[in-house]
Amino acid sequence: MTERFVQFIGRVRWPLLAVWGVLLVISGLLAMSLPDKLSGGGWYVPGSQSTWVAEQQKEGFTGRGQTSVTVVVHDERFAAGTDRFESRVDRVMADIAADKRLGVASHYGWSDLRGAPENSFVGRDGHTAIEMFGLDVDDGTARRILPDIQREFDARYEERGLTVGMVGTAPFFGEINVLSEEGLVKAEIIVLPLITLILLLLFRSVVSAVVAMITAGTAAVGTFAILSVLADSYDLSVFVQNTATMLGLGVGIDYSMFMIRRFRDELEGGEPVPRALRTALATSGETVVASGVTVIVSMATLAFVDLPVIQSIALGAALVVAVSVLTSVLLLPVLLYVVGDRIGRWDLFARLRPASASADPRERGWYRFAHAVLRRPVLSLVGGSALLAVGAVPALALDTFTPDARITPTSSTVRQSYDRVEEQFGQGDASPMVVLIRSDTPLRGAGERITGLHDRLAALPHVRRVDSALNVLEQAAPGRPFDALEPGVRDRLPAPARASVGYFVSKDRTEFIAQVIPEEHASAPKTRELLAEVRRTVARADGNGLRIEVGGQTAEGVDANKVIADGLPTVVGVMLLAIFVILMLSFRSVLLPLKAIAVNVLSVSVAFGMLTLAFQEGSPVAEALGFDASGRVTNFVPVLLLALLFSLSTDYEVFVLGRVREYYKAGVGNTESVALGISATGPLITGAAVLMVAVFGGFTLSGIQPIGELGFGMAVAIAVDATLVRMFVVPAAMKLMGSANWWFPGRGRASSTAASSRIRSKQQHVSERHMAELSADRGPEVPPRP
């Protein structure tokens, strides 16, 4: 099959390149529209309380709509109570209400009590006012248009001494969308020169580096094109683009590196181009496919987490790996055939190291180092594992929650406005809990039950107050507040009272909202404890014609955390089983997959531990990267890290063990095959790891905290995997396991011998020159040859 494929490439390589070029242009055009199609949504858990509450607020209330925003106006020059303050703030509110792009359906807040002796919508400093707006635009549209409108506000009002900012889910994720694009450009500016330099040092050839970059770039563009098409029908998270770019650059270049390196090794060994390409496809190509399948299967297990944001990011990650595999085994061979012997041209670093990369593995320092480890396997295994275990300890304190405005830079107006609400009105005012009561009949019949629930909620610990329409209704109808909701009474209420009632009571009088204002911010431990108590209190009042649910930012975060925790055991179980089966079938071994899984657990745990220290405990790392060490890690990051790192660590396992298995099946003993495999793959694995660390590390500087956390965790794990794991733990474990490494049910000595014979007869698997050299070094562990 491989031989026919190479022959086909040889016949039609130029038409194939032309087809790829056309597809690349089309993909580029499609990819350009992707950023505008991505959504900041995906955080609502289908069927959860918080999702139901969010949906119910979209219609029937004043100041709430399909999209709800809070406008925060800060006047540096004038204070509340002065004519100038009122006229200036009034002008801002009027401009917003008249902006047709926003489609303001209703608003409630400062303007309803304008001029009153006490205005609860004026901050403690007397210079800040807030107004809630209900917009008649869908959430996705709002997230696209609000960043541009916010920047218009900045330019329009700054010179007047006014800061006008929007707070809410749509403004926040709209800002994240913009920052994501800017961060992507920033990361690419940092990463691409690093990648180029590393590739030049690894390959010592401009041609090889360019071919690798073309392959990875094609995979990235193709992925974005497919995502752009999918985004027309599905809600894809704004974090998809960053994740796909980060993973695509790392994996795409890694895959092409392994293919190019093997191709060059065969050429430098005297093989002609077609034969060298066949060998590269039959060895590195097969390993790339097995590796890619492992990543894709691992990411597919995240479908068991019923949270759209995780599923869409997982889709992007799996897609970019799939496209990277396809470009590595379909496009790259065409490029290699066309370039041929010129693949090693333009060596910029010829004086830094010997020109030949195909020297006998026994002549390398890696070979001597591997034997040093193999002479002390117990010390290497126990010592390496102990260091990994120490690094994993901080992960025991890992705490996660949904992101809020604190993950945006302090220079952002959205972040400044969020902080100003907390400072001027209280931490809980920025993220109240929303208790929504829906009655089968008009609320008047359930008045006593609602009033009793209101009072019980207000009496709970860590509650500053409960906002609702009850005070206004009590003033209108003392002793029987819900009588004031009747049409004849409600319509005669003063305008401020009608606005207040409309904000908390639906027009059809069947829904009532009570906002529980906690003492601390949404993700604080006390606030989460309060949410649990609020839900217990609400549950006792639910039923008998009333449906009562609790939503808001804290509820959304807790619901998301719960669905992640509920799905995690299934994700881990299915993922480990899939990895075990893939490795078992790849290497015809039972114990090697078990060893790989055990080692991967340790390296992933170290990544979690370092992530906890850097972003949760307030270390200088987060501050140096420009992030707020708020005490929590973004909740989707650990589960994504788990799937990505297990699959990427398995990647390196596949590449190393693939070469070890070649030597072992060629007739070399277990210990020697491990040393040769480590020596043969060591330079390339280390170079690939350096490249991965550079890519992932570069994305920690993107300015987007979840992406920074993801990049940091992956960089740490890859660095640990390429040093402690691959250099000490893996070879030591294989030495101690001995010939049991390759035990497989139903395969006896004869079958091993037959396999060895088949491999030796197929020169594409291991080149003849190494076969001849190694055949003289067989030790007592070598199965007899026929």
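What follows is a chat about the predicted model shown above.

User: Before we start, what kind of model is this, and how are the residues numbered?
Analyst: It's a predicted model: local features need pLDDT of at least 70, side-chain atom pairs count only at pLDDT 80 or more, and totals for chains, interfaces and linings use all residues. Residues are numbered from 1 along each chain as its sequence is written, and side-chain values use heavy atoms, with hydrogens and water left out.

User: OK, how many helices and strands are there in the protein?
Analyst: 26 helices and 10 strands. Helices (H or I, at least four residues) and strands (E, at least two) are DSSP runs, numbered from the N terminus.

User: And the overall box? What dimensions does it have?
Analyst: Roughly 100 × 50 × 45 Å for the C-alpha atoms, taken along the principal axes.

User: What percentage of the residues count as buried?
Analyst: 59% of the 786 residues. Buried means under 20% relative accessible area, exposed over 50%, and partly exposed in between (1.4 Å probe, protein chains only).

User: What about contacts, what share join residues at least 24 apart?
Analyst: 82%, among contacts between residues at least 6 apart in sequence. A contact here means heavy atoms within 4.5 Å.

User: Switching to rings. How many aromatic pairs does the structure hold?
Analyst: 11 aromatic pairs. Rings of Phe, Tyr and Trp (its six-membered ring) pair if their centres lie within 6.5 Å; planes under 30 degrees apart count as stacked, over 60 as edge-to-face and the rest as tilted. One of the pairs is Tyr 108 with Tyr 503, stacked at 4.7 Å centre to centre with 25° between the planes.

User: Where do those two tyrosines lie?
Analyst: Tyr 108 is in strand E2 (residues 104-109) and Tyr 503 in helix H17 (residues 495-504), so the pair ties together parts 395 residues apart in sequence. Tyr 108 and Tyr 503 are both buried. They also belong to a cluster that ring pairs build from Tyr 108, Phe 121, Tyr 503 and Phe 504.

User: Why does the pair of Tyr 664 and Trp 742 count as stacked?
Analyst: Because the ring centres of Tyr 664 and Trp 742 are 5.2 Å apart and the planes sit at 20°. This pair links distant parts of the chain, 78 residues apart: Tyr 664 is in helix H22 (residues 636-665), and Trp 742 is in the loop between helix H24 (705-737) and helix H25 (749-761).

User: Are Tyr 664 and Trp 742 buried or exposed?
Analyst: Tyr 664 is buried at a relative accessible area of 15%, and Trp 742 is buried at 6%.

User: Which arginines lie over ring faces?
Analyst: Among them, Arg 547 lies over the face of Trp 52, at 4.0 Å from the ring centre, and Arg 64 lies over Phe 61 at 5.9 Å. The test is NZ of Lys or CZ of Arg within 6 Å of the ring centre and within 35 degrees of the ring normal.

User: How many salt bridges does the structure hold?
Analyst: 29. A salt bridge is a side-chain nitrogen of Lys or Arg within 4 Å of a carboxyl oxygen of Asp or Glu.

User: Which residues are 4 apart in helix H13?
Analyst: Asp 419 and Arg 415, about one turn of that helix (residues 413-425). Their side chains meet in a salt bridge at 3.0 Å, N to O, and Arg 415 counts as buried at 9% relative accessibility.

User: Over how many bridges do E1 and E3 pair?
Analyst: 8, with E1 spanning residues 67-75 and E3 residues 128-135. As an example, Val 69 has Phe 133 in E3 as its bridge partner.

Notes
Pairing = 2+ DSSP bridges.
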